[in-house]
Each structure stands twice: as structure tokens, then as C-alpha cells.
Amino acid sequence: MKIAMLLASLVAVVHSDLYLHNPRGSNNRLAEANRERDNANRLFDSQNNDRGGYNAAGLYYYSGSVLPIEWTNQHSCGDQNANCEIIIQYMCGPLVRDGTSTTTIPENPTESKNLVYGMHESYNYYQDCKLRNRNLGLFTADRKLNGDSAIYTRQNEAGTRRGYECPEERDYYPYWHPTPWVDIAVLTNDLKRCEYYRSESANVKSRYACVGSKGTTIPNNDDDCVAAGGVWTEFPPQNGLEAPVCIKAPWSRDNHLGNGKSVPGHPNYYNWTIPNTPSQSCVLRVRYNISTGDYDGLNRAQAFGRGYVFRQNPVIMPFNNIPGLGFQLAINTNQFGRTFQDRSHSFSIVTRPSNLADTPIYNLNVRGKRGNIVQVFPAVEYDFVPDILIAPLNSYVHIQWNGSNTNPQDNAGQGKAGTDRSNMVLLRPPNYVEGNRQAGPSSGHWGNSYPAHLDSPQTLLGLPRADRQSLAVLDIVVVDMEMLLPHVLRQQTQDEKDIFKAQPFSLEHKMSDY
């Protein structure tokens, strides 16, 4: 006897899925004074909640320095419940910018040069995408796409424009057409795919495109290109690029925008060594590709045999040993299997000082924004990034962060309403003797809530008093509507080397707003 159980359920649009916290992700924000962003289509398609993102940043990083990239993703990764990849990329260019307006940049070659508008991909890149025939080999489920160019996809059937992003490139990786993006790393739950991702990356494999074709559309293959009077042209990889790192995705659980398990009690992260490609304007992108873990998505026979097909409200058989038991799923086919993304605000890559050519440099930044956890969610409250940094002797720490003057006026916190400030002070030493403390010299104490005096014999990283005062009271430079803290780039002295010898330098600190 065949049994069909049709379960009534509500179809909910899934939001709040990927947020970049260091470098601070924009989620299409700029400098809005409200909790919601003004324009979800400003630069790119995030498919995230309107309340996510941070106001404009504006930091810079030395080539060869180590930058911890931190994010939260909602629907699990590195877990049996989902098939997922987290793709980390960056791009640089003379016209990459945040802009000063939240209005989407016009689709106009003249206006594309207007610095008022934020821009990542170029105007010409988008025009090529808009005119290029879409890849007909891509799965579109039962969606009725409104056109046949690369701006129409299963997740963007109406061809909506977000900045100058190419929707087809956004939704698929690795992409087969030339793009401005450089691969950094692929974090996957299926390590068997690493060889494919590394060998197919545009970092190491040429891409091809049709150049000079006649007609109203641009062909996407060799034969059609030649027939249209074009030249099928090779675009080789940039010199010096290596295949992206491909590693196991860090574990995160379902329905949780919070910490992972790679370091218990801390956000998931990837340490990026900044490339030696000095540029005034760069942007970082993290994409989160996710589909169900109920079956092997690459095994079509298994999927179709059990009824797992992409259509609205399919009836599936979840149990192999009970073939007659069917369940109806509430599925929206343009959202079941999705790509989410967040991008940083623009930043600079600068050449490291000549006397530090082979010296390790670690970036120490601040994540989060002003307000309590409810007011800032899905962003986070303040913390250092990394909040635990063990640096070897003879290395340097680049301390740098920024804040905003356009936070919501009623967000919790001290100081002038709407401002967003962070500082760094050393905590007082322990009040009582405690057991199980790490051996070796230390300064300050995690359990204290009060800062040490600036003239305390225990000093913050051995910095001179003037620098410690700057970090505590913020001798700041105002740039537009944002605050930038002058960086501190410092090496341990010979005296400290003699004192600490091979022991890691332990600094216990607290960051607070004022």
C-alpha cells in the first residue's frame, strides 16, 4: 500500500546568512545612521538581512602581513547537514571605491566615473555580462528566466542589477569567463573536490572570451564567436598567482550566526597573507554556496530516484527502506540551494618598510559596532581581532581600527550619541593569587574590569607613554565621516627579548568604548 503524507508548512524566505566581520563587511551599507541599510542593490547581491553590515572602513594592510578574516554563516558548514563551500576572493583596481552615496551607480559610462557612487566591478565588465549569452548548461529548475543573457540566473530570474556585478559569475564557482576576482581560498565540506577547485581556478588556468563579434549579443563559445565575426581570445592567468588554498570548511551549526568550533568559543576565521600587490583600492569578497546535505548533489541517479528534483513542492521519499512513504516539501526553487555573499569596504595594500622585508607582521584590528547584542545583530559587539595573538619574537604587530560617527542615536554605549569608538588599555594586574595560570611573564589580568594607570610599571607591549596615551584616549584623524586610528607598528626591544627569551609574550587587555 502506498502511503503519502502531505505536510502543510509555511514557506519562509531565508535571510541573515553570511556576514563578514573582519575586515568589516558592508552588506551594501555605507554610512547609514539607521539600523537597516538604505539600498540592498548598491554594489552587489548579498541576499542577506537589511540590518547586517558595518559603516565604511578605510584601513590598509602591509604586503606579506597576516590578516584574520572572520565571518558568521547561518546554515552550517563543515557538517553533514549541508553541502557547502566558502569562497574567499579579492580584487583591486584604480576605480574600486566605496563612494559617498547609497544610490546604485547608474548604468552609464560617464556616470561610472563619478566618484560619488560606489563601484567594484567596472561598467564594461557589466556590459559584457549583459550582452553575453548565458550558459545554457546551467540548471535553472522550473524558473522562468526573463532573458537569455548572463544577467539572468535561477537566483536572479528578473535580471535585477546590483552595482556592476555579473549575476551568473556571482552564482557559480569556478566561473569560466574572465573576471577581475583573484582566488584566495576555498573552504569545502568535500575535500575530494579540492583538486578540481585548484586546477580550475582562474589563478592558474586561462579563460576565454569572444572579442570583436558583430551583432546584438556576445557569443559564449568558440564556434558561435567565429561565426559572428569575433575572435575567441585567451586571457591567461596573472603572473605570479598560485592556485587557491583548499581546506576543510570549519564547522558551524544550523540556524546560528555565531562562533564555530575551529577555536572553541571564537568565530570561524581564515588567516590571509596579504599579497605583494600594492594598490590604493581593493575589496575582499566571501561567498557561501550551500545546498542540502540530504543526498549527494553530484549523484543525479540517487537524487532523481528518491524524488529530489528542483521543482515547487516536490514529493520525496526520505527513507530508502520505505519506498512508499512520501513527504511533500515546501520549496522555493530559486532559494533552495543558494549563494550568499558579503564584501568588505575598500582597503589599501601598501609595500612594507624596506627594513622589514623578511619580518613577520600580524594585523591586530577591532570588529563590531556600538550597541548591545540585540541592537547590532546580525553584526556583533566590540572585540579585538584576533582576541588572542601569540606572536614570535622579532615579529611586528600592526595595530589599526576605525569607528563611525553615524551609528543609530539610541544604540547603547557611552560617549556622544551616534559615535562609534574603541580604545586599547592594559588591565590592572591580578588582585589575588590564582592557580593554574600560564607560566611566564604577563601583564594585566582578564578578570579585572579596571585599566592600569598609564604610569604603571607594567606597560602595554612596552610602548612608550605617549603611544599608550594615544591608544587610550584616541588621538584621532577625522576622514570624511569616519575615524581612523594612527597605526602602531612596533618590534619588541632587545631588553624584552632578554627578559622573555623563548616565552610567548602574554598580554591581557581590554577594549572598551568611551
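1. Start with Cys 282. Its relative accessibility is 0%, so this residue counts as buried. The model is a predicted one. Cys 282 is joined to Cys 92 by a disulfide, with an S to S distance of 2.0 Å. The link spans distant parts of the chain: Cys 92 sits in strand β5 (residues 82-92), Cys 282 sits in strand β11 (residues 279-292), and the two are 190 residues apart. The torsion about their S-S bond is about 100°, so this disulfide is right-handed.

2. How many disulfides does a search of the whole structure find? The search finds five. Counting bonded cysteines along the chain, the pattern is 1-2, 3-10, 4-5, 6-9, 7-8.

3. Cys 129 and Cys 166 form a disulfide with sulfur atoms 2.1 Å apart. Cys 129 belongs to helix α1 (residues 123-131), while Cys 166 is in the loop between α1 and α2 (167-171); 37 residues separate them. The torsion about the S-S bond is 70°, and the link is right-handed. Cys 129 is buried at 1% relative accessibility. Cys 166 is buried too, with a relative accessible area of 1%.

4. Cys 210 is joined to Cys 225, S to S 2.1 Å. This pair connects strand β7 (residues 207-211), which holds Cys 210, with helix α4 (residues 222-227), which holds Cys 225, across 15 residues. The link is right-handed, with 85° about the S-S bond. Cys 210 has 8% relative accessibility and counts as buried. Cys 225 has 0% and counts as buried.

5. Now the packing. Which residues of the largest nonpolar core touch the most other members? They are Ile 69, Ile 88, Tyr 270, Trp 272 and Leu 284, in a core of 29 residues. Strands β2 (18-22), β4 (66-73), β5, β6 (182-188), β10 (268-273), β11 and β15 (347-350) each give two or more residues to this core. A second, separate core has 15 residues, among them Leu 364, Val 397, Ala 452 and Leu 461.

6. Trp 272 deserves a close look. Beyond its neighbours within four places in sequence, Trp 272 is in contact with Ser 65, Val 66, Leu 67, Ile 69, Tyr 90, Ile 184, Leu 284 and Phe 347. Ring pairs also place Trp 272 in a cluster with Tyr 61, Tyr 90 and Phe 347.

7. The structure holds 14 aromatic pairs. One of them is Tyr 123 with Tyr 164: the ring centres are 5.8 Å apart and the planes meet at 75°, so the pair is edge-to-face. Tyr 123 lies in helix α1 and Tyr 164 in the loop between α1 and α2, so the pair ties together parts that are 41 residues apart in sequence. Both Tyr 123 and Tyr 164 are buried.

8. Phe 384 and Trp 401 form another edge-to-face pair, 6.3 Å centre to centre with 70° between the planes. Phe 384 lies in strand β17 (residues 383-385) and Trp 401 in the loop between β18 (396-399) and β19 (402-404), so the pair ties together parts 17 residues apart in sequence. Phe 384 and Trp 401 are buried.

9. Two charged side chains sit over rings. Arg 285 lies over the face of Trp 181, at 4.2 Å from the ring centre. Lys 369 lies over the face of Tyr 54, at 5.7 Å from the ring centre.

10. Last, strand β16 (residues 361-367). Is this strand mostly covered or mostly uncovered? It is mostly covered: six of its seven residues are buried. Strand β16 runs parallel to β18, and four bridges join them. Ile 361 has Tyr 396 as its bridge partner in β18. Strand β16 runs antiparallel to β17, with three bridges between them. Here Asn 365 stands opposite Val 385 of β17.

How values were computed
Residues numbered from 1 in each chain as written. Predicted model: local features only at pLDDT ≥ 70, side-chain atom pairs only at ≥ 80, totals over all residues. Heavy atoms only, no water. Disulfide = S-S within 2.5 Å. Buried < 20%, exposed > 50% of the residue type's maximum accessible area, 1.4 Å probe, protein only. Core = buried A, V, L, I, M, F, W, Y, C linked by side-chain atoms within 4.5 Å. Contact = heavy atoms within 4.5 Å. Phe/Tyr/Trp six-rings, centres within 6.5 Å; stacked < 30°, edge-to-face > 60°. Lys NZ or Arg CZ within 6 Å of the ring centre and 35° of its normal. Pairing = 2+ DSSP bridges.
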